[in-house]
Amino acid sequence: MSWNPQYRSSKFRHVYGKAASKDKCYDCVPITRNVQDNHFCTVNPSFIAVVTECAGGGAFLVIPIKQTGKLDPHYPKVCGHKGNVLDIKWNPFNDFVIASCSEDATVKIWDIPNQMLKRNITTPKKELLGHARRVGLIEWHPTAENILFSSGYDYKIMIWNLDVKDAVLSMPVKILDAHKDVVLSMSFNTDGSLLATACRDRKIRVIDPRAGTVLQEGSYKSHRANKVLFIGNMKKLFSTGTSLWNNRQIALWDQNNLSVPLLEEDLDGSSGLLFPIYDSDTHMLYVVGKGDGNIRYYEISPEKPYLNYLMEYRSPSPQKGIGIMPKRGLDVASCEIFRFYKLIPTKSLIEPISMIVPRRSESYQEDIYPLTAAAQPALTAQEWLNGINKEPLLVSLRPGSEGVNSLPQFLEPEPLTKATDVSQQQGGGGRISLEDKQKPGEIEGSRKRLKVEEKLPENEQMCLSNVFDILECPTPKTKSELLQMYYRQQEEIRRLRELVNQRDIQIKQLKLGIRNLCASEISDTGNY
């Protein structure tokens, strides 16, 4: 009888977590001691924002992502709320706009300057005044520009259109009042056409947010859900919660049938909440424990057994909250596929943790970096409100690809042109690559390059394409623009080195071929 081990072939089977060194951490950060079950931290490639302790009202810190080390105790804050800040979220399409909600029953939208803060920010860009009680959750729409959802302790979810010019908004475009208790969690599907919620009444709901109707509603006696998450386009939901015996528990559901979970599993007997985080690019699911130092990670498949355990990152320092870096901010040169920012209030420390796929090659690993969501919206707020659905715009993470960075809209001399392609006019739901869209300014630049590139072989055209982009850029005027130019040039140098290495390999192969050919000819003449 032969032994056949059940191995699964997976690119992510050996993924491991790597904590940053002390000089790459953010030290002396006064992290909030609020007991709300939220992340308390939000990250983008430019800034990290964290809810902080503040006397007389609520505040949060916004720190440039590269400003690691000890934080100045007098570092300026964003402090316009009259009560404790409960949740903060960066705009996914603008790295310089952030939303916050508070116990003072308001939601505020803030403009953040593109350099380090010099003084406290107290005046918001917009103020949303719809809720009657404190606001515990906020979520930006994943594909529509300037659509924000807020959930309060008045059991209502409100949808806000931030495209209006008024600085103070008191009337949301839609109010969802399908819940009988406090909403504990909100999650969108990929195109933002459906909203999943977990409520304190122990029910999970799938809602059409524009119609305001509950499409599915269910609860299971042995699972009390605290957090719920859409699993990409697999038409499944993932929830974390507790069992009847108060064990921490995870469950997987069919979004069209919430009566019985597809899978239910007890993890441990700890009392802290579990934060589920899904990466739709790699189909990996991370489960972060609040109050402990563990991060479990799994791979999700559409067929049974659905959930495949990979490994667990362990740390002795307990985390109060967690921040997640968007894919466009990762270090692809070191095969980093995910990055957490762990809040450790006992040490007043924010510790980055990189999830890395071990690879020996230093070249770009295309198989672990599929096209990912871009920093630009797929449709306007009004288009989404009118019933149009679209998948996110996609972009490549390959160094030198265009469209990865999100620039502040208020700093641009000319506004970006709105897309008018056929698929948008028809409201199609296909996934669109950002490279299919081109700005008018880029068309003239491409025409200039064509005259030079027509005379060059294909490899040299590829080699010169990004160099011309760098030379045509205007002279940087600020420190951030200078840094951006510097990093682009570093990426270009890395790419050119890869090209030189490939040429060296080709030369060696040609020399070997010539040598073998000469040897075969000599042997043939010897036979005659």
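**Close-up 1. F149 and F188, two buried rings that pair up.** F149 is buried, and F188 is buried too; here "buried" stands for under 20% relative accessible area, "exposed" for over 50% and "partly exposed" for anything in between, with a 1.4 Å probe and protein chains only. This is a predicted model, in which local features need pLDDT of at least 70 and side-chain atom pairs count only at pLDDT 80 or more, while totals for chains, interfaces and linings use all residues. Residues are numbered from 1 along each chain as its sequence is written, and side-chain values use heavy atoms, leaving out hydrogens and water. Rings of Phe, Tyr and Trp (its six-membered ring) pair if their centres lie within 6.5 Å, and planes under 30 degrees apart are stacked, over 60 edge-to-face and the rest tilted. By this rule there are 12 aromatic pairs. One of them joins F149 and F188 edge-to-face, at 4.8 Å centre to centre with 85° between the planes. F149 belongs to strand β13 (residues 147–152) and F188 to strand β17 (residues 183–188), so the pair links distant parts of the chain, 39 residues apart; helices (H or I, at least four residues) and strands (E, at least two) are DSSP runs, numbered from the N terminus.

**Close-up 2. F149 again, now with W384.** F149 also forms an edge-to-face pair with W384, 6.1 Å centre to centre and 65° between the planes. W384 sits in helix α1 (residues 381–385), 235 residues apart from F149 in strand β13. Why does F149 count as buried? Its relative accessible area is 0%. W384 is likewise buried, because its relative accessible area is 0%.

Close-up 3. K89 lies in strand β8 (residues 85–90). At 18% relative accessibility, K89 is counted as buried. Contact means heavy atoms within 4.5 Å, and, leaving aside residues up to four places away in sequence, K89 touches T42, I98, A99, I138, E139 and W140.

**Close-up 4. The second largest pocket.** A pocket is found on a 1 Å grid over the protein atoms alone, as an open set of points where a 1.4 Å probe fits, with protein on both sides within 12 Å along at least five of seven lines; lining residues have an atom within 4 Å of a point. This pocket holds about 320 Å³ of space, the volume filled by probe spheres set on grid points joined across faces, edges and corners. Among its 21 lining residues, D37, Y153, V182, L184 and R200 are the closest to the centre. Strand β21 gives the most to the lining, with 4 residues.
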